[in-house]
Amino acid sequence: MSNADLPSKADIENLYNSYYPIFSCILNNIQNSLLSDIELNPRPLLKSRIKSFKSYHEKVKRQRSAEIYHTQKLVLLTDMIGIRVICLFLDNIAEVERQISEKYTVREIEHKGAEQSFREFGYESVHVLIELPKECLDLSMLDDEFVRQHPLPEGLCCEIQIRTILQDAWAEVEHELIYKSEFTPFDAPLRRKLACVNASLSLADTIFQEIRDYQKNFQRQKDQRRTSFYNQADVLTDEENALVTDSNSEKRDFLKDEIGRPSPYVHGTIDDMILHALHAHNSGQLDLAVDIYSRIISSNTKLDDVVLSVILKHRGMAFFAQNKYRDALSDFEKSASLGKDAFRSFYYMGIVQSVLGENEKAVECFSRSLEINTFQSHAYFRRAVARYNLGEFQNSLEDLDTAERLGLATQECKALRKRLMKEFDIM
């Protein structure tokens with residue numbers, strides 16, 4: 001082929017641009033598909049793009065593809081259509097990759113970041129190349145004649161990049177400073193500065209993930225401790241009020257199973273001590289849990305009132321598990337006085353008062369809790385039980401109705417309703 005036969009850049013651009021509406025339609029379909037298929041909390045941010053002609057033309061020339069000389073055929077690149085999935089945390093990346101691999105046909109997965117060339121300096125990303133699902137090839141929004149004149153190139157695919165917010169920020173800046181620039185900074189001090197920036201962002205990503213892991217662990221331990229507290233309260237109050245059900249044997253087994261599990265935590269920061277105490281509490285090492293909670297409370301560290309309220313609440317639960325009800329009540333009262341949103345502290349006070357047989361005080365505590373947060377089905381149920389014990393059957397029935405209307409449906413509810421119906425029959 002002579003130089004005179006070479007197509008002009010304008011011819012190639014016209015051909016490329018003629019496919020733009022098709023690429024745009026397909027890209028929109030894929031993005032909508034990903035939005036519905038990726039299940040992640042918090043939801044990731046999706047960015048999408050069709051490769052610009054300038055980038056397309058430069059890349060094709062770099063690849064020295066002979067196909068560029070045939071203007072009737074569009075040269076296809078794997079990243080013509082691209083979507084970037086931007087997550088908050090490092091562990092989200094593997095989860096998104098897993099979900100995409102399960103729901104789409106994957107051609108290739110590349111974990112970038114290990115390359116040694118300076119052009120790829122600091123670049124981190126997971127690139128997943130997927131085949132286009134049939135439903136994403138729907139071009140019904142476009143004119144039929146236009147579609148007929150522009151048959152889809154064989155092998156068209158979509159590149160999905162998965163990154164954290166910080167990885168994406170670095171990639172965007174790096175692309176402008178290095179990849180697109182004709183000047184590559186070989187100066188050693190400047191390269192060290194770039195390395196420091198990348199290291200800082202990588203460290204921030206790691207720290208964010210560690211905090212996230214800590215929060216998940218803390219919540220898991222806290223939920224387990226709260227479940228144990230509720231189970232013990234159910235066993236005590238249900239037996240006292242003859243609301244015994246088959247589930248109570250399971251609750252006793254749950255409490256026994258928690259005893260003796262080793263703790264993976266060591267003393268260090270306040271956070272470490274709290275996790276250690278929670279684990280000890282959940283493992284049945286109640287003396288140890290109380291000791292750790294007490295050392296945190298009496299430490300020289302100035303604790304925020306909200307934090308102190310939480311620690312007191314935890315220690316109160318440990319005292320309760322030891323059947324030290326007066327100590328538990330004292331801690332819950334202090335917790336309630338410090339916390340701005342202390343509906344749980346008042347609720348726990350009501351449970352202790354119920355166990356002590358102080359039903360009037362229990363009703364008062366449950367009422368205080370419901371004044372702060374009215375959407376507590378269990379608080380209505382326990383106030384219903386306390387009011388039943390006081391002979392306030394109509395008020396008890398109203399509370400029971402409210403608890404069930406809020407979604408509480410337990411054997412204990414059925415047992416209380418049965419007892420209330422007997423009382424109304426007698427009356």
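**Entry 1: the sheet**

Two strands pair if DSSP finds at least two bridges between them. I kept that rule in hand while going through this predicted model. Strand S4 covers residues 125–131 and strand S5 covers residues 157–164. I found six bridges between S4 and S5, in the antiparallel sense. For a reference point I took Ile130, which stands opposite Cys158 in S5.

Next I traced the whole sheet. I found an open sheet of five strands, with the order S1-S2-S5-S4-S3. The pairing is mixed. Strand S1 (45–50) and strand S3 (106–112) are the edge strands, each pairing on one side only. I noted an average twist of 20° from one strand to the next.

I then asked which strands helix H2 touches. Helix H2, residues 20–37, packs on the sheet and touches S1, strand S2 (81–87) and S5. The direction of H2 makes about 165° with that of S1.

**Entry 2: salt bridges**

I got a count of 20 salt bridges. I followed up one of them, Lys47 with Asp168. Their closest N and O atoms are 3.1 Å apart.

**Entry 3: H10 against H11**

I moved on to helix H10 (residues 286–298) and its neighbour H11. Their axes come within 9 Å and cross at roughly 155°. Angles over 145 degrees count as roughly antiparallel, so H10 and H11 are roughly antiparallel to each other. The crossing is left-handed.

I listed the contact residues. H10 brings Leu286, Val290, Tyr293, Ser294, Ile296 and Ile297. The H11 side includes Leu308, Ile311, Leu312 and Phe319. His314 and Arg315 of H11 also take part. I sorted this contact into 11 nonpolar, two polar and one charged.

**Entry 4: H11 against H13**

How do the axes of H11 and H13 cross? Helix H11 (residues 305–321) and helix H13 (residues 343–355) have axes that come within 11 Å and cross at roughly 15°. That is under 35 degrees, so I put H11 and H13 down as roughly parallel to each other. I logged this crossing as left-handed.

From H11 the contact uses Lys313, Met317 and Phe320. From H13 it uses Arg344, Ser345, Tyr348, Ile351, Val352 and Val355. I sorted these residues into six nonpolar, one polar and two charged.

Technical notes:
Residues are numbered from 1 along each chain as its sequence is written. This is a predicted model: local features need pLDDT of at least 70, side-chain atom pairs count only at pLDDT 80 or more; totals for chains, interfaces and linings use all residues. Side-chain values use heavy atoms; hydrogens and water are left out. Helices (H or I, at least four residues) and strands (E, at least two) are DSSP runs, numbered from the N terminus. Axes are lines fitted to C-alpha atoms, for helices over the stretch in contact, and angles run from 0 to 180 degrees between N-to-C directions. Contact means heavy atoms within 4.5 Å. Angles under 35 degrees count as roughly parallel, over 145 as roughly antiparallel, 65 to 115 as roughly perpendicular and the rest as oblique. A crossing is left-handed if the near helix is turned anticlockwise from the far one by less than a right angle, and right-handed if clockwise. Ala, Val, Leu, Ile, Met, Phe, Trp, Tyr, Cys and Pro count as nonpolar, Asp, Glu, Lys and Arg as charged, and the others, Gly among them, as polar. A salt bridge is a side-chain nitrogen of Lys or Arg within 4 Å of a carboxyl oxygen of Asp or Glu.
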